[in-house]
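Biologist: I would like to learn how to read the features of this model. Please give the general idea each time, then the case at hand.

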Amino acid sequence: MLTVHQTHATLKQVHQTTKQVNGQNQAGYAGELTIKNVIYHDVKLRGTTKIKLFMPRQKLAVFQLDAGLGKFTTSNPRVQVTALPGEQVPEATFEQPHRPGYRFDGWRLHIGHHWQKVQHLVARHCPSHHVIHAYACWRER
């Protein structure tokens, strides 16, 4: 593991390209990272290292959070949250909705033919080709 400290690093212009990843064509971005004068613990390495990078483009999963009869502080009844497929979206990422006389009790998703309450919004519930709607659960105070 290199700790970057007093190191000069530049990323040349990145361009869109396609590369074979695990036998399949993957769209992404390619670039070249140039690193000069690396310090590793007490050793200073002089010279230049060039690293070719390929960063696959990933489709984002989109959750549409619906507060139902409640609202977010922006007075909007809906908020969109994006995540990478497989990523767990922490509730700290977005604010909880509010509803007078009720306590927010989490989110529910319409899965198959029934509703399922979920503790965390996980992007695997959200195919990247469409928006998944999550609805607020409420309990009377």
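Modeller: Start with the salt bridge, which is defined as a side-chain nitrogen of Lys or Arg within 4 Å of a carboxyl oxygen of Asp or Glu. The model is predicted, so local features need pLDDT of at least 70 and side-chain atom pairs count only at pLDDT 80 or more, while totals for chains, interfaces and linings use all residues. Residues are numbered from 1 along each chain as its sequence is written, and side-chain values use heavy atoms, with hydrogens and water left out.

Biologist: How many salt bridges does the structure hold?

Modeller: Side chains of opposite charge can pair when their charged atoms come close. The structure holds 4 salt bridges. One of them joins Lys50 to Glu32, with 3.9 Å from N to O. Lys50 lies in strand 4 (residues 43-56) and Glu32 in strand 3, so this pair ties together parts that are 18 residues apart in sequence. Strands, like helices, are DSSP runs numbered from the N terminus; a strand (E) needs at least two residues and a helix (H or I) at least four.

Biologist: Is Glu32 buried or exposed?

Modeller: Buried means under 20% relative accessible area, exposed means over 50%, and partly exposed lies in between (1.4 Å probe, protein chains only). Glu32 counts as buried because its relative accessibility is 17%.

Biologist: Which residues does Asp105 pair with?

Modeller: Asp105 forms a salt bridge with Arg103, the closest N and O atoms being 3.9 Å apart. A salt bridge also links the side chains of Asp105 and Arg139, at 2.9 Å from N to O. Asp105 lies in strand 8 (residues 102-111) and Arg139 in strand 11 (residues 131-140), so the second pair ties together parts that are 34 residues apart in sequence. Salt bridges that share partners join Arg103, Asp105 and Arg139 into one network.

Biologist: How should I read the overall fold?

Modeller: Count the elements. The protein chain has 0 helices and 11 strands. Buried residues make up 27% of its 141 residues. A contact means heavy atoms within 4.5 Å. Of the contacts with a separation of 6 or more, 55% are between residues 24 or more positions apart.

Biologist: How do strand 2 and strand 3 run, and how many bridges join them?

Modeller: Two strands pair if DSSP finds at least two bridges between them. Strand 2 (residues 15-21) and strand 3 (residues 24-40) run antiparallel and are joined by 7 bridges. Val21 has Gln24 in strand 3 as its bridge partner. The hairpin of these strands has 2 residues between them, and Asn22 takes a positive phi near 55° there.

Biologist: Which residues does Thr48 touch?

Modeller: Not counting residues up to four places away in sequence, Thr48 touches Thr34, Ile35 and Lys36. Thr48 lies in strand 4, and its C-alpha atom is separated by 5.6 Å from that of Ile35, 13 residues apart along the chain. Thr48 is partly exposed, with a relative accessible area of 46%.

Biologist: Which residues have the most contacts inside the largest nonpolar core?

Modeller: A nonpolar core is a set of buried Ala, Val, Leu, Ile, Met, Phe, Trp, Tyr and Cys residues joined through side-chain atoms within 4.5 Å. The largest has 17 residues, and those with the most contacts inside it are Phe63, Leu65, Val89, Phe94, Trp107, Leu121 and Ala134. Strand 5 (61-66), strand 6 (78-83), strand 8 and strand 11 each supply at least two residues of this core. Strand 11 gives the largest share, 4 residues. Leu65 touches residues including Phe72, Pro77, Val79, Phe94, Trp107, Leu121 and Ala134, with residues up to four places away in sequence not counted.
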